[in-house]
Amino acid sequence: MKAYSLFFTKSVLFIAVLFVTTLSYAQEVKWITWDEAAQLTATEENPKKVFIDVYTDWCGWCKKMDKDTFQNPEVAAYMQENYYMVKFDGEGKEPIEYKGKTYKFVPSGRKGYHEFAAALMQGRLSYPTTIFLDEELNMLSPVPGYQKPVPFLEIARYFGDDIYKEKDWKAYAGQTGK
């Protein structure tokens with residue numbers, strides 16, 4: 001009887017671990033590089049919009065947004081469905097091609113910054129900043145600061161569902177109660 005009980009306990013534990021692993025995997029966003037997103041928008045028959053999470057390694061709020069917002073199942077599902085998701089280090093060293101220009105890392109102070117991050121954030125280097133681009137890589141809006149899942153999803157839907165083409169943000173936010 002003891003052996004059966006031990007086998008049953010181990011089986012339940014295995015199934016629980018498998019379930020939690022599967023559940024956490026289902027909540028992950030598939031991040032791609034800027035080059036991959038640019039390629040997809042140029043070659044896909046029906047390209048998605050592009051979402052860029054501009055972060056730095058030292059940014060605590062960036063890590064919190066990764067954990068709380070991007071791992072939220074509803075946020076992750078919506079973003080995967082409607083956007084090419086790019087994670088971009090605002091202090092990265094690799095050159096980036098965008099709209100016929102090459103953006104590079106600029107040494108400054110103790111670290112430096114990437115010109116592409118500065119261009120996307122319109123000169124206001126603030127982390128995290130999320131950037132929304134349309135299907136042709138035109139700027140829709142930078143959104144600076146940490147965003148909780150529900151408000152973030154409202155912003156993502158505003159651009160992802162093309163609501164921005166019909167309503168300004170204040171009218172939309174007032175309608176959603178935000």
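**Close-up views of a predicted model**

**View 1. The whole protein, with its contacts and its surface.** Among contacts in the protein between residues at least 6 apart in sequence, 60% join residues that are at least 24 apart. The model shown here is a predicted one, and its chain contains seven helices together with eight strands. Of the 178 residues that make up the protein, 38% count as buried. The accessible surface comes to about 10,900 Å², and carbon and sulfur atoms account for 57% of that surface.

**View 2. Helix 4 beside helix 6.** This view brings together helix 4, which spans residues 73-82, and helix 6, which spans residues 149-160; their axes come within 10 Å and cross at roughly 15°. Because an angle under 35 degrees counts as roughly parallel, the two helices are described as roughly parallel to each other. The crossing in which helix 4 passes helix 6 is left-handed.

**View 3. The residues where helix 4 and helix 6 meet.** On the side of helix 4, the residues in contact are Glu74, Val75, Tyr78, Met79 and Asn82, while helix 6 contributes Pro149, Phe152, Leu153, Ala156, Arg157 and Gly160. Sorted by class, the residues of this contact comprise seven nonpolar, two polar and two charged ones.

**View 4. Glu81, an exposed residue of helix 4.** Glu81 belongs to helix 4, and it counts as exposed because its relative accessibility is 60%, where the cut-off for exposed is over 50%. Although Glu81 and Gly160 are 79 residues apart in sequence, their C-alpha atoms are 9.4 Å apart in space.

**View 5. Leu133, a buried residue of strand 7.** Leu133 is part of strand 7, and with a relative accessibility of 0% this residue counts as buried, since that term applies to values under 20%. Leaving aside residues up to four places away in sequence, Leu133 touches Trp34, Lys49, Val50, Ile52, Tyr98, Asn138, Met139 and Leu140. The C-alpha atom of Leu133 is also separated by 9.5 Å from that of Lys48, a residue 85 places away along the chain.

**View 6. The loop between helix 5 and strand 7, with Pro128 and Gln122.** Pro128 has its place in the loop that runs between helix 5 (115-120) and strand 7 (129-133), and the peptide bond leading from Tyr127 to Pro128 is cis, with an omega angle near -5°. Gln122 lies in the loop between helix 5 and strand 7 as well, and its phi is positive, at about 55°, even though Gln122 is not a glycine. With a relative accessible area of 48%, Gln122 is classed as partly exposed, because partly exposed covers the values between the buried limit of 20% and the exposed limit of 50%.

View 7. Lys99 is a residue other than glycine, yet its phi has a positive value, near 55°. The relative accessible area of Lys99 is 52%, and Lys99 is therefore exposed.

Conventions
Residues numbered from 1 in each chain as written. Predicted model: local features only at pLDDT ≥ 70, side-chain atom pairs only at ≥ 80, totals over all residues. Heavy atoms only, no water. Helix = DSSP H or I, 4+ residues; strand = E, 2+ residues; numbered from the N terminus. Buried < 20%, exposed > 50% of the residue type's maximum accessible area, 1.4 Å probe, protein only. Contact = heavy atoms within 4.5 Å. Areas by Shrake-Rupley, 256 points an atom, 1.4 Å probe, with all protein chains shown as cover. Axes fitted to C-alpha atoms, helices over the stretch in contact; angles between N-to-C directions. Parallel < 35°, antiparallel > 145°, perpendicular 65-115°, else oblique. Left-handed = near helix turned anticlockwise from the far one by under 90°. Nonpolar A, V, L, I, M, F, W, Y, C, P; charged D, E, K, R; others polar.
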